[in-house]
Amino acid sequence: MKIAYVVGNENVNDPDPDLDIPFAKVAAQELGIELVFANWNDQSINWAGFDAAIIRSTWDYVGVRDKFLDFTKKVESEIKLFNSYEVMKWNTDKAYLKILEKHGVPIIPTRFVNDLKEAQDAMQWAFSQAQSIAIKPAIGSGARLAGKAESIDQAIKYLERIFLDNQIAIVQPYVKSVDEEGEKAIVVINGKISHVAKKVPALTKGGHGDAAGSSEIDAEIIEIVNKVSKAVTEWEELLFARVDVVRLDGKLVLMELELTEPWLFMEFRPAAGLELFKAVQERIIGVQG
Ligand SMILES: Nc1ncnc2c1ncn2[C@@H]1O[C@H](COP(=O)(O)OP(=O)(O)O)[C@@H](O)[C@H]1O
Ligand SMILES: [Mg+2]
């Protein structure tokens, strides 16, 4: 079985290595899978030559989302793709947060704004709930163009960057627990919770979503993943998911649901790599009958 592990172009200004790769290599080898690292920007690749493609560290899709989605659609017309094109189309725009909220998932209070005029009201609203506010683009990854603002003027600077990028902006109260208890990234493989990583607070400590350590799977973690799984129609078909949560007013709420290219923090549980590729094998054998 030959599987494409899909990566992106390296960004020299922001060289985040894909730390899952060593674990993926070991797991694939153990299962007898030929794993090929393939860059989605490489026009010379014959995708039909693989049994499946798994979108992984394609972090350069932000800014060229349409091109990326066209790519995934084309690959999916030829081979099995994880996660599916439809899922990625839905998941690469944080507009999905409002949909999940409607279906019972608690989220950070969120407003989407198209311009500075709309943002005025949203900023007042967010500052009425917290001392500082978070500004970020609707389509983003690795905290790109995101910022923590202590004042309206500072928030406007962040908003301007996002509008210059032709994007819709998100305005939220800044959730303080991100700097204390920490944001938790719950890694789900083939429908089952694998492990939890604690994240570095990106807007105060920097980084692009790096892990600060591992964390427990407890009843609250299970509860919020259950809520998300009920709200996402395609949950059963997902190969992987990452449910990023933070504590707000004593309860866990969703920061982000990553179904496209999440870092899976396999360093905290290398068995996750094995489970991931085993699931791919089973699904492909299922397809081939
Ligand atoms: N409302 C918020 N309160 C506190 N921190 C936030 C807030 N929104 C975003 N952040 C910080 O910015 C990071 C990136 O935001 P996120 O919504 O996860 O977008 P992405 O990871 O796609 O860039 C988060 O992991 C967190 O550290
Ligand atoms: Mg995130």
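How many Å apart do the C-alpha centres of domain 2 and domain 3 lie? In this predicted model, the C-alpha centres of these two domains are separated by 22 Å. They belong to a protein divided into domain 1 (2-91 + 267-288), domain 2 (96-106 + 177-264) and domain 3 (111-174). Where domain 2 and domain 3 meet, 5 residues of domain 2 are in contact with 6 residues of domain 3. On the domain 2 side of this meeting, the residues comprise 2 nonpolar and 3 polar ones, with no charged residues.

The account now turns to a sheet and its strands. An open sheet is formed by 4 strands in the order 5-8-6-7, and their pairing is antiparallel. At its edges are strand 5 (111-113) and strand 7 (147-149), each of which pairs on one side only. From one strand to the next, the twist averages 30 degrees. Strands of a sheet pair through backbone hydrogen bonds, in either a parallel or an antiparallel manner.

Strand 6 has two partners. Helix 5 (residues 116-127) touches strand 5, strand 6 and strand 8 (169-173), and its direction makes about 20 degrees with that of strand 8. Helix 6 (residues 152-164) touches strand 6, strand 7 and strand 8, and its direction makes about 10 degrees with that of strand 6. The other partner of strand 6 is strand 8, to which 5 bridges join it in an antiparallel arrangement. Here Ile 135 is placed opposite Val 171 of strand 8.

Strand 6 is mostly covered, with 5 of its 5 residues buried. Ile 133, Ile 135 and Pro 137 point one way from the strand, whereas Ala 134 and Lys 136 point the other way.

Ligand 1 is surrounded by 22 residues, of which the closest are Ala 134, Ala 143, Gln 172, Val 175 and Ala 202. The elements that contribute two or more residues to this shell are strand 6 (133-137), helix 7 (202-205) and strand 13 (251-258). By class, the shell holds 11 nonpolar, 5 polar and 6 charged residues. Domain 2 and domain 3 each supply at least three residues to the shell around ligand 1.

Technical notes: Residues numbered from 1 in each chain as written. Chains lettered and ligands numbered in written order. Predicted model: local features only at pLDDT ≥ 70, side-chain atom pairs only at ≥ 80, totals over all residues. Near = placed C-beta within 6 Å. Nonpolar A, V, L, I, M, F, W, Y, C, P; charged D, E, K, R; others polar. Domains from an automatic or database assignment. Pairing = 2+ DSSP bridges. Axes fitted to C-alpha atoms, helices over the stretch in contact; angles between N-to-C directions. Contact = placed C-beta atoms within 7 Å. Buried ≥ 20, exposed ≤ 12 C-beta atoms within 10 Å, placed from the backbone.
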